[in-house]
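Here is a short report on the structure shown below. It takes up charged pairs, aromatic rings, surface and confidence in turn.

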Amino acid sequence: FKEFEPESFNLSIPVALEGVPENLLDPREAWEDTGAFEREVRKLAGMFGKAFKLYEDEVSEDVRAAGPQSS
């Protein structure tokens with residue numbers, strides 16, 4: 001596994017899976033414009049964070065820390 005956008009999505013993605021081409025495992029590889037990809041990742045993380053604010057008082061700090069973080 002490798003880190004995928006640790007500053008925003010807080011995810012690890014596989015680097016290899018039997019029978020799956022490596023370029024399909026990292027969504028960044030599907031975008032010709034990596035700058036546009038980075039902008040969309042930050043935008044999506046911000047949208048998730050905004051929606052999650054409705055529930056953040058109902059979950060533990062560990063759950064809040066595990067989700068996307070806007071930068």
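## The Asp26–Lys2 salt bridge

In this predicted model, the side chains of aspartate 26 and lysine 2 form a salt bridge, with N and O 3.0 Å apart. Aspartate 26 sits in the loop between α1 and α2, while lysine 2 sits in strand β1, so the bridge ties together parts that are 24 residues apart in sequence. The two side chains also count as joined by a polar contact of 3.0 Å.

The cut-off for buried is under 20%. Lysine 2 is partly exposed, at 35%.

## Other salt bridges

How many salt bridges does the structure hold? The count is four. Aspartate 26 takes part in another of them, with arginine 28. There the N to O distance is 3.7 Å.

Glutamate 61 and arginine 64 form a salt bridge too, and their closest N and O atoms are 3.1 Å apart. Both residues belong to helix α3, which covers residues 61-66. They are three residues apart, so about one helical turn separates them. Arginine 64 is partly exposed, with 27% relative accessibility. Elsewhere, shared partners link salt bridges into one network made of Lys2, Asp26, Arg28 and Glu38.

## Aromatic pairs

The whole structure contains three aromatic pairs. One of them brings together tryptophan 31 and phenylalanine 37. Their ring centres are 5.5 Å apart. Why is this pair called edge-to-face? The ring planes meet at 70°, and an angle over 60 degrees counts as edge-to-face.

Phenylalanine 37 is buried, with a relative accessible area of 4%. Tryptophan 31 is partly exposed, at 37% relative accessibility. Both rings belong to one aromatic cluster, together with Phe4.

## Nonpolar surface

Which residues make the nonpolar surface patch of about 270 Å²? They are Leu17, Val20 and Leu24. Valine 20 lies in the loop between β2 (11-13) and α1 (22-25). This valine is partly exposed, at 33% relative accessibility.

Methionine 47 is another partly exposed residue, with a relative accessible area of 49%. The cut-off for exposed is over 50%, so 49% still counts as partly exposed. Methionine 47 belongs to helix α2, residues 34-52. How far is methionine 47 from valine 20? In sequence, the two are 27 residues apart. In space, their C-alpha atoms are 30 Å apart.

## Confidence

The mean pLDDT of the chain is 85. Of the residues, 92% score at least 70. Where is confidence lowest, and where is it highest? Strand β1 (residues 2-4) has the lowest mean, at 84, and α2 has the highest, at 88.

These values bear on elements already described. Helix α2 holds methionine 47.

How values were computed: Residues numbered from 1 in each chain as written. Predicted model: local features only at pLDDT ≥ 70, side-chain atom pairs only at ≥ 80, totals over all residues. Heavy atoms only, no water. Phe/Tyr/Trp six-rings, centres within 6.5 Å; stacked < 30°, edge-to-face > 60°. Buried < 20%, exposed > 50% of the residue type's maximum accessible area, 1.4 Å probe, protein only. Helix = DSSP H or I, 4+ residues; strand = E, 2+ residues; numbered from the N terminus. Patch = residues over 30% accessible without salt bridge, like charges linked within 9 Å, V, L, I, M, F, W, Y side chains within 5 Å. Areas by Shrake-Rupley, 256 points an atom, 1.4 Å probe, with all protein chains shown as cover. pLDDT = per-residue confidence, 0-100. Polar contact = N/O pair within 3.5 Å; in protein donor to acceptor, adjacent residues only side chain to side chain.
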